[in-house]
Amino acid sequence: AKTASAAYQSALEVIVAVEPNVAGAIRAELADQRSSLKLIASENYASPAVLLTMGNWLSDKYAEGTIGHRFYAACQNIDTVEQLAADHAKALFGAPHAYVQPHSGIDANLVAFWAILAQRVESPALAEAGAKHVNDLSEDDWQTLRKALGDQRALGMSLDAGGHLTHGFRPNISGKMFHQSSYGTNPETGLLDYDDVAAKAREFRPLVLIAGYSAYPRRIDFAKMREIADEVGATLMVDMAHFAGLVAGKVFTGDFDPVPHAHVTTTTTHKSLRGPRGGLVLCQPEYADAVDRGCPMVLGGPLGNVMAAKAVALAEARQPMFATYAQNVAANAVTLAEGLMRRGARLVTGGTDNHLALIDVSTFGLTGRQAESALLDSGIVTNRNAIPRDPNGAWYTSGVRIGMPALTSRGFGAAEFDQVAELIVDVLSSTTPAAAPSGGSSKAKYVLADGVAAKTHAAANELLEA
């Protein structure tokens with residue numbers, strides 16, 4: 001720890017000499033993260049080894065292409081770190097093929113989508129036209145192929161049920177690539193209804209069936225999702241960005257491990273996996289060649305320094321202590337969920353069996369935006385999130401999403417998370433909507449009872465310093 005601290009202090013001194021305001025922002029961010037309860041489900045703490053790996057000369061190198069087949073000279077060291085990252089990913093997740101170049105989860109999903117289109121639509125069309133490459137097609141054949149690529153369908157989880165924008169929704173480029181339809185959750189339980197998913201798949205006939213979530217607090221049976229995909233001739237793509245750490249740590253196994261069941265699996269390398277900001281694609285052998293064309297198909301030049309940091313993080317995740325960490329994340333999630341419900345909070349689906357929970361804050365008379373802001377004022381960092389059939393929409397929302405990976409990394413256990421539950425309910429119970437200028441209640445402004453923010457900050461600091 002002393003060595004890492006000295007390394008960071010030296011780095012900050014170098015930055016101060018060039019742009020002290022940047023160094024100041026870095027120090028302020030460290031102070032903020034140290035003094036608040038970080039409960040954003042998509043955030044975590046990367047190790048000093050991972051963070052230090054990103055700041056080096058590998059960032060100066062262009063390396064378009066793949067291992068051993070680059071479009072720039074002198075890429076042997078990039079080849080080394082990319083191969084290490086891919087090998088660790090394959091061993092960690094039991095995947096036949098790994099592609100570690102994506103810069104983010106969105107990029108990983110785009111690589112996956114285009115690889116599926118290439119393997120399922122483009123390659124057969126080229127063979128039918130007697131061509132090996134799109135550049136060899138006549139203009140008429142090219143227009144036919146473009147239409148075929150644009151006519152494909154994707155079926156994924158709806159946003160209010162916990163799905164993600166990159167699963168074919170219009171604000172994202174994926175929604176412009178596919179005709180998209182959604183499956184939701186049971187109105188009474190909030191749980192996935194696999195019979196309903198199957199019925200929608202039979203009716204919609206998607207090319208891609210997408211599983212995975214950003215705000216669904218339960219496991220998914222990927223064996224059932226694969227059965228549905230096979231029945232309708234779809235490719236099963238799983239986005240495990242949020243729960244990859246639980247897969248790596250063997251919390252999710254068997255039918256709940258997506259990698260053996262999906263044709264293509266994508267993930268981020270941060271969140272519950274505790275690595276650098278970046279993406280990763282795992283796939284079955286028949287999709288490997290198309291996935292490896294991610295650059296230049298979708299991506300720019302791969303970031304050698306980030307791929308090196310991925311290799312370090314994936315090596316960390318292969319150690320026994322990471323499996324212990326993942327088990328603790330899941331146990332802490334149950335503890336916090338039960339603590340919240342015992343104190344009167346309502347959770348979507350009535351609990352959790354992954355790393356996150358979703359609080360319906362309408363029972364406190366609040367919108368998600370009011371709850372998020374009041375909690376932040378009190379030193380508890382969360383994010384507002386829509387709940388199924390949310391009357392307040394995606395901006396104000398009626399929910400707050402909480403995640404356990406970061407505080408578990410800080411060493412929190414059952415006792416600490418039960419105290420966190422008490423702090424959250426105390427803040428929410430002490431918050432009321434402010435009056436809107438036009439009359440009625442505001443959806444954004446709120447009033448927090450005197451003294452609650454300071455009391456909660458003090459309790460949070462006591463937990464963090466214990």
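Q: Which residue just after α5 takes a positive phi?
A: Gly130 does, with a phi of about 70°. This is a predicted model, and each value here is computed from it.

Q: Where else is there a positive phi, in a residue that is not a glycine?
A: Start with the general idea: most residues other than glycine have a negative phi. The case here is Arg205, whose phi is positive at about 55° although Arg205 is not a glycine. Arg205 sits in the loop that runs between α8 (194-204) and β7 (208-212).

Q: Which two residues are joined by a cis peptide bond?
A: In general, most peptide bonds are trans. In this model, Cys295 and Pro296 are linked by a cis bond, with omega about 15°. Pro296 belongs to helix α12 (residues 294-297).

Q: What should α2 span by the same rule of 1.5 Å a residue?
A: Its 15 residues should span 21 Å, and the end C-alpha atoms are 21 Å apart, which agrees.

Q: Which residue caps the N-terminal end of α2?
A: Look for a side-chain oxygen facing a backbone nitrogen. Glu19 is the cap: one of its side-chain oxygens is 2.9 Å from the backbone nitrogen of Asn21. At the start of α5, a side-chain oxygen of Ser104 comes to within 3.4 Å of the backbone nitrogen of Ile106.

Q: At what angle do α1 and α2 pack?
A: Helix α1 (residues 2-16) and helix α2 (residues 20-34) meet at about 145°, their axes 7 Å apart. From α1 the contact takes Gln9, Leu12, Ile15 and Val16, and from α2 it takes Pro20, Val22, Ala23, Ile26 and Arg27. By class, seven of these residues are nonpolar, one is polar and one is charged.

Q: How do the axes of α18 and α19 cross?
A: Helix α18 (residues 414-429) and helix α19 (residues 452-465) have axes that come within 11 Å and cross at roughly 170°. An angle over 145 degrees counts as roughly antiparallel, so α18 is roughly antiparallel to α19. Residues in this contact include Val420 and Leu423 of α18 and Ala459 and Leu463 of α19. By class, the contact has seven nonpolar, two polar and three charged residues.

Q: Why do residues three or four places apart point the same way in an α-helix?
A: An α-helix has 3.6 residues a turn, so such residues point the same way. In α1, Leu12 and Ile15 are both in the contact with α2.

Key:
Residues are numbered from 1 along each chain as its sequence is written. This is a predicted model: local features need pLDDT of at least 70, side-chain atom pairs count only at pLDDT 80 or more; totals for chains, interfaces and linings use all residues. Side-chain values use heavy atoms; hydrogens and water are left out. Axes are lines fitted to C-alpha atoms, for helices over the stretch in contact, and angles run from 0 to 180 degrees between N-to-C directions. Helices (H or I, at least four residues) and strands (E, at least two) are DSSP runs, numbered from the N terminus. Contact means heavy atoms within 4.5 Å. Ala, Val, Leu, Ile, Met, Phe, Trp, Tyr, Cys and Pro count as nonpolar, Asp, Glu, Lys and Arg as charged, and the others, Gly among them, as polar. A polar contact is a pair of N or O atoms within 3.5 Å; within protein, one must be able to donate a hydrogen and the other to accept it, and residues adjacent in sequence count only if both atoms are side-chain atoms. Angles under 35 degrees count as roughly parallel, over 145 as roughly antiparallel, 65 to 115 as roughly perpendicular and the rest as oblique. The expected span of a helix is 1.5 Å times one less than its number of residues.
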